[in-house]
Amino acid sequence: MDETWTTIERLCAWLDEESPVQGRTGRLLRILKIGEEYGEVAAAVHGLLGSNPRKGRTHTIDDVCEELCDVIVTSMVALASISDDAGEVFTARLREVARRSLG
């Protein structure tokens with residue numbers, strides 16, 4: 001998992017350098033990006049199911065999986081952008097969810 005968080009930190013640094021919106025506002029906007037990515041998951045699920053009769057089936061389960069990964073990465077970047085130790089925050093939260101859910 002260390003390599004994963006290292007990559008997330010590199011993505012945050014890149015965004016910090018390249019984003020046209022800087023500082024706290026820029027970091028907070030990364031949270032809103034999660035919603036945008038979720039919308040792409042929703043579109044992929046609709047495309048997988050062919051729920052729009054005009055468009056038909058336009059996506060595969062692999063497309064849905066890729067879009068879900070984008071949500072995860074975007075969420076990790078958002079967390080790392082506002083937390084001093086995102087890895088520990090995530091691990092602690094995962095433990096709590098598992099404790100509540102799995103006993």
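This is a guided tour of a predicted model, from the whole chain down to single residues.

**Before you start**

Residues are numbered from 1 along each chain as its sequence is written.

**Stop 1: the whole chain**

Show everything as a cartoon. The protein has 4 helices and 0 strands. Read from the N terminus, the order is α-α-α-α. The radius of gyration is 16 Å, well over the 13 Å that the globule rule gives for 103 residues, so the protein is more spread out than a compact globule. Helices here are DSSP runs of H or I with at least four residues, strands are E runs of at least two, and numbering goes from the N terminus. The radius of gyration is taken over C-alpha atoms, and the globule rule is 2.2 Å times the number of residues to the power 0.38.

Now switch to the C-alpha trace. Along its principal axes, the trace spans about 45 × 45 × 25 Å.

**Stop 2: surface and charge**

Colour by burial next. Buried residues are 20% of the 103 in the protein. Buried means under 20% relative accessible area, exposed means over 50%, and partly exposed lies in between (1.4 Å probe, protein chains only).

Then colour by charge. There are 12 positive and 18 negative side chains, and the centres of the two sets lie 8 Å apart. Lys and Arg count as positive, Asp and Glu as negative; His and the chain ends are not counted. Each charge is placed at NZ of Lys, CZ of Arg, CG of Asp or CD of Glu.

Contact means heavy atoms within 4.5 Å.

**Stop 3: Pro53, in a loop**

Select Pro53. This residue sits in the loop between helix 2 (23–49) and helix 3. Pro53 is exposed, at 77% relative accessible area.

**Stop 4: along helix 3**

Select Asp70, in helix 3. Asp70 is partly exposed, with a relative accessible area of 34%. Its C-alpha lies 18 Å from that of Ser19, which is 51 residues apart from Asp70 in sequence.

Move to Val71, also in helix 3. Val71 is buried at 16% relative accessible area. Not counting residues up to four places away in sequence, Val71 touches Ile34, Glu37, Tyr38 and Val41. The C-alpha atoms of Val71 and Gly35 are 8.3 Å apart, across 36 residues of chain.

Thr74 is the next pick, again in helix 3. Thr74 counts as buried, at 14% relative accessibility. The Thr74 side chain reaches the backbone oxygen of Asp70 at 2.7 Å. This is a polar contact: a pair of N or O atoms within 3.5 Å where, within protein, one must be able to donate a hydrogen and the other to accept it, and residues adjacent in sequence count only if both atoms are side-chain atoms. Beyond neighbours within four places in sequence, Thr74 is in contact with Arg30, Lys33, Ile34 and Glu37.

**Stop 5**

Select Ser81, in helix 3 (residues 61–82). Is Ser81 buried or exposed? Ser81 is buried, at 9% relative accessible area. Show side chains: that of Ser81 makes a polar contact with the side chain of Arg30 at 2.7 Å. Setting aside neighbours within four places in sequence, Ser81 is in contact with Cys12, Arg27 and Arg30.

Finish on Ser83, in the loop between helix 3 and helix 4 (86–102). Ser83 is buried, with a relative accessible area of 17%. The Ser83 side chain reaches the backbone nitrogen of Asp85 at 3.2 Å.

Notes: Predicted model: local features only at pLDDT ≥ 70, side-chain atom pairs only at ≥ 80, totals over all residues. Heavy atoms only, no water.
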